[in-house]
Amino acid sequence: MNVIVIGATSGIGRAVAEIYIRQGHRVGITGRREALLREVALNAPEGAVFPKAFDVSEDDAAEHLSELVAAIGGVDVCLYSSGYGHTNTVLEPSLELGQVDVNAKGFVRCSVWLFNYWAERGVRGHLAVISSVASILPLGVCPAYSATKKFEAFYAQTLRQLARIREADIRITVIKPGFVDTDFIHGRHFPMTIRKENAAASIVRAIKRNKKTAVIDGRWAALGVLMRMIPSPLWNWAGRFFRPYKDMF
Ligand SMILES: NC(=O)c1ccc[n+]([C@@H]2O[C@H](COP(=O)([O-])OP(=O)(O)OC[C@H]3O[C@@H](n4cnc5c(N)ncnc54)[C@H](OP(=O)(O)O)[C@@H]3O)[C@@H](O)[C@H]2O)c1
């Protein structure tokens, strides 16, 4: 199988790429930090890894992606893991817009190219995206993060229906992790933090089982059910309890 992980220089994406490499697949890896891509390739069997450095917030991201797909010889599965988040209670504009560029616009750039690639060739493809449990309720401490994670999940769901409309054999998986021990949380300790290797194993399993949505892990799935039951006025009122978490990540 040919797999691409967009955002594989570190964290969850890298851990997922390493699982696919161990499983013997051909794996395309991306991210801006070229040295880290080379490091992954160096530790893998020869010819298994196809590194391509690019920035998903740039307009030429899809061109880079198409070159990578050509180099591997097609793509069966793609995980979009590029993303970042910041609490931003002072609403610093560049912080808000930067997250929109990477999490939302970058995802659109890559996913529309992949969707059309699979649909136009009439081949099966599987797109997975790492959203977050932060997409379940609007989080006032991190407006752009929470909203872009919702965007990723919702956009992916629209693509699932579009696949029906266009009679394309395209599978979609939305991944919603809780806290995972990556650079994203800067070594801080939060309740129910998951090891990135465990999160990655769950993601690979969810893709293999063609899950539509996977909340990682079970504890977060249970909490997610409760979160969805909270009425909006109560959630707004609860904002006062978030005051100590202004710089959470
Ligand atoms: N860790 C958590 O607690 C947690 C929880 C829920 C969801 N998530 C989501 O999981 C995904 C992966 O994050 P992580 O926790 O694994 O953190 P991470 O270690 O910081 O990984 C982020 C990845 O995104 C890539 N990236 C960032 N900006 C990019 C850009 N402009 N162009 C291309 N690639 C870019 C980074 O590569 P370069 O810097 O090399 O470009 C890196 O590979 C994110 O979408 C995050 O929102 C994380």
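1. A search of the whole structure finds zero disulfides, a disulfide being a pair of cysteine sulfur atoms within 2.5 Å. Cys 110 is buried at a relative accessible area of 1%, and Cys 142 is buried at 0%. Buried here means under 20% relative accessible area, exposed over 50%, and partly exposed in between (1.4 Å probe, protein chains only).

2. A word on the model: it is predicted, with local features needing pLDDT of at least 70 and side-chain atom pairs counting only at pLDDT 80 or more, while totals for chains, interfaces and linings use all residues. Residues are numbered from 1 along each chain as its sequence is written, and side-chain values use heavy atoms, leaving out hydrogens and water.

3. Now the ligand. Arg 32 places a side-chain N or O atom 2.6 Å from a ligand oxygen. Asp 55 has a polar side-chain atom 2.8 Å from a ligand nitrogen, and Val 180 uses a backbone N or O atom, 2.8 Å from a ligand oxygen. Of the 870 Å² of accessible area that the ligand has on its own, the protein covers 95% (Shrake-Rupley method, 1.4 Å probe; for residues, only the protein chains shown count as cover).

4. Lastly, Leu 223 lies in helix α7, residues 218-228 (helices are DSSP runs of H or I, at least four residues, numbered from the N terminus). At 32% relative accessibility, Leu 223 counts as partly exposed.

Technical notes:
Helices (H or I, at least four residues) and strands (E, at least two) are DSSP runs, numbered from the N terminus. A polar contact is a pair of N or O atoms within 3.5 Å; within protein, one must be able to donate a hydrogen and the other to accept it, and residues adjacent in sequence count only if both atoms are side-chain atoms.
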